[in-house]
Amino acid sequence: MDFETALGSLFSPEGRRDPYPAYDVLREHAPLFAALDGRWFVTTHAITGRLLRDPGVRVADAAVYDTFWPDWRANRGVASIVQSMLLTNPPDHTRLRRAAAATFTARRVAAMRDMITDQATDLIKAMPERTDFVSAFAYPLPIAVICALLGVPDTDRTWFREQAADLTVVLEPISTEDEMARADAAGRELEDYFIGLIAERQKQPRNDLTSALVAAGSGLTGQELLANLVLMLVAGFETTTNLLGTGLHLLLDQPAQADRLRADPELAPAFVEEILRWDSPVQMAARYTSEPLDLGDGLHLPAGADVNLLLGSANRDPDRYRDPHRFDPDRPNIQPVSFGGGAHYCLGAPLARLEAQVAFPLLLTMLPRLALAGEPRLRDRLVLRGYAELPVTTS
């Protein structure tokens, strides 16, 4: 595979099913390069990590969107993401992040372990002999957790999955007109839902994240509060669903490793970090440079560069990880860039890790005969990578 073929394959359904051979070619070509359309791509762990943490590298915020899509606010799916902390730069991002972080605390997350264990146990007990793991477990667990955290009723969980699936297409570099129309509809539905929930919590606060965010002094405007609640819901389960599906497929495909984790659940944190490295739920992060950057070794980025950080490539960089295509939870110093880095490091990363650390040992011990059954189906996405269907048998 030559360089041009490798780059083009990332934007084709065939290439997206397994982007790692293309990443190898691109990484060997250059750690940093500009494509013919002017976009820049970063392939290595070192440069990706630096740019994620560099204050001169920013996300594409509302001002950037205004330059190439003046009417973006009319699409409420796009608006819900652009107006959230995900695509906001300092000083506004600092204010939004501080308000969310003050409520999404490590103590609140740690206190959810028992709830996560109970939810996972109930889902495992209810799994039929043959089922789709995504629908039976990988989706219901994280949506139950994030709904409990936000104070969303159990009865609305299935509806949320449909809306989130339509909305997240706005994070992809390529989308169809029909997909964007569905994202707009999902954005409007979710905004209407959270407007109602905010009104309820203003009248009757509860011990949930929504009540904490709407409390006086949270520092968020009405639109900011709305956008960040939509973001937390969508981001709170979409990537975790992908992590759970990818991780289980990997473990069942490598029974010796599954046996190790089954015998010693204390290995779960290392296993989860290696799963995140080996096949990241988020494969690419977009950034813009606010000023020229000298990266050393003759590598430069101009001001205003549209930079695509290939997180999946960085996580399999042989200069950072020996034998990177081998799954090895015993490798030292695993530091995947799957959750980003710097000011925009994923706020929900500790919760996603906790859910996976609880889930995998429970699945393997409660269902010792759990096995793959049939051909899994990946979602046709480049940025958010995961299974749409993962058939399994439980006995």
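Strands β5 and β8 (residues 306–310) pair in the antiparallel sense over five bridges. Here, two strands count as paired if DSSP finds at least two bridges between them. Strands are DSSP runs (E, at least two residues), helices are runs too (H or I, at least four), and both are numbered from the N terminus.

This is a predicted model, where local features need pLDDT of at least 70, side-chain atom pairs count only at pLDDT 80 or more, and totals for chains, interfaces and linings use all residues. Residues are numbered from 1 along each chain as its sequence is written, and side-chain values use heavy atoms, leaving out hydrogens and water.

Back to β5, which also pairs with strand β3 (residues 57–58), again in the antiparallel sense, over two bridges. Look for Ala286 opposite Asn308 in β8, and for Arg58 opposite Tyr288 in β5. Strand β5 spans residues 284–289 and is mostly covered, with five of its six residues buried. Buried means under 20% relative accessible area, exposed over 50%, and partly exposed in between (1.4 Å probe, protein chains only).

Now for Ser135, found in helix α10 (residues 133–138). Ser135 has a relative accessible area of 38%, so it is partly exposed. Leaving aside residues up to four places away in sequence, Ser135 touches Pro140 and Arg161; contact means heavy atoms within 4.5 Å.

| Side chain | Partner side chain | Distance |
|---|---|---|
| Ser135 | Asp132 | 2.8 Å |
| Ser135 | Arg161 | 3.5 Å |

A polar contact is a pair of N or O atoms within 3.5 Å; within protein, one must be able to donate a hydrogen and the other to accept it, and residues adjacent in sequence count only if both atoms are side-chain atoms.
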